[in-house]
Amino acid sequence: MDVSLASWLVIAVALAFANLPFLNESVLGFIPVKPAQNKAHAKYFVVRLLELIVLYFVVGALAHALESRIGTAFPQTWEFYAITACMFLVLAFPGFVLRYLRKRRG
């Protein structure tokens, strides 16, 4: 696989996985959750955050696997993980806005 294609694949998967917790009511996209009584949303915000953390590590594992397949995977320090976690949160912003900040009409 080409380096450029692998990079774009990781970015596309990160964008999709970062917004997944906010765009559906299932955990990780496939485990259904029953809504609580008198609640519009089935998942609590804490569940969405935990799901976001799990998906961050899934994307990281995919990126590491693709990097290892292309060549030698470079060792990373804490700065790399801090920056990629912040980037993952920025990628999740559109889903957060659609879920919590958009005005609902009607």
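User: How many aromatic pairs does a search of the whole structure find?

Analyst: Eight aromatic pairs are found in the whole structure. One of them joins Phe 22 and Phe 96, with ring centres 5.9 Å apart and planes at 90°. The model is predicted, so local features need pLDDT of at least 70 and side-chain atom pairs count only at pLDDT 80 or more, whereas totals for chains, interfaces and linings use all residues. Residues are numbered from 1 along each chain as its sequence is written, and side-chain values use heavy atoms, leaving out hydrogens and water.

User: Why is the pair of Phe 22 and Phe 96 called edge-to-face?

Analyst: Rings of Phe, Tyr and Trp (its six-membered ring) pair if their centres lie within 6.5 Å, and planes under 30 degrees apart count as stacked, over 60 as edge-to-face and the rest as tilted. The 5.9 Å between the centres of Phe 22 and Phe 96 therefore makes them a pair, and the 90° between their planes makes it edge-to-face.

User: What makes this a link between distant parts of the chain?

Analyst: Phe 22 sits in helix α1 (residues 3-23) and Phe 96 in helix α4, 74 residues apart; helices here are DSSP runs (H or I, at least four residues), numbered from the N terminus.

User: Is Phe 22 buried or exposed, and why?

Analyst: Buried means under 20% relative accessible area, exposed over 50%, and partly exposed in between (1.4 Å probe, protein chains only). Phe 22 has 4% and is therefore buried, while Phe 96, at 28%, counts as partly exposed.

User: Why do Tyr 56 and Phe 57 count as an edge-to-face pair?

Analyst: Their ring centres are 5.2 Å apart and their planes stand at 65°, so the pair is edge-to-face. Tyr 56 counts as buried because its relative accessibility is 14%, and Phe 57 counts as exposed because its value is 56%.

User: What makes up the nonpolar surface patch?

Analyst: The patch, of about 470 Å², is made by Phe 45, Leu 49, Phe 93, Tyr 100 and Leu 101. The largest share of the patch, three residues, comes from α4.

User: Which residues form one aromatic cluster?

Analyst: Phe 22, Phe 45, Phe 96 and Tyr 100 form it.

Technical notes
Patches are made of residues with over 30% relative accessible area and no salt bridge: like charges are joined within 9 Å, nonpolar side chains (Val, Leu, Ile, Met, Phe, Trp, Tyr) within 5 Å. Accessible areas come from the Shrake-Rupley method with a 1.4 Å probe; for residues, only the protein chains shown count as cover. A salt bridge is a side-chain nitrogen of Lys or Arg within 4 Å of a carboxyl oxygen of Asp or Glu. Helices (H or I, at least four residues) and strands (E, at least two) are DSSP runs, numbered from the N terminus.
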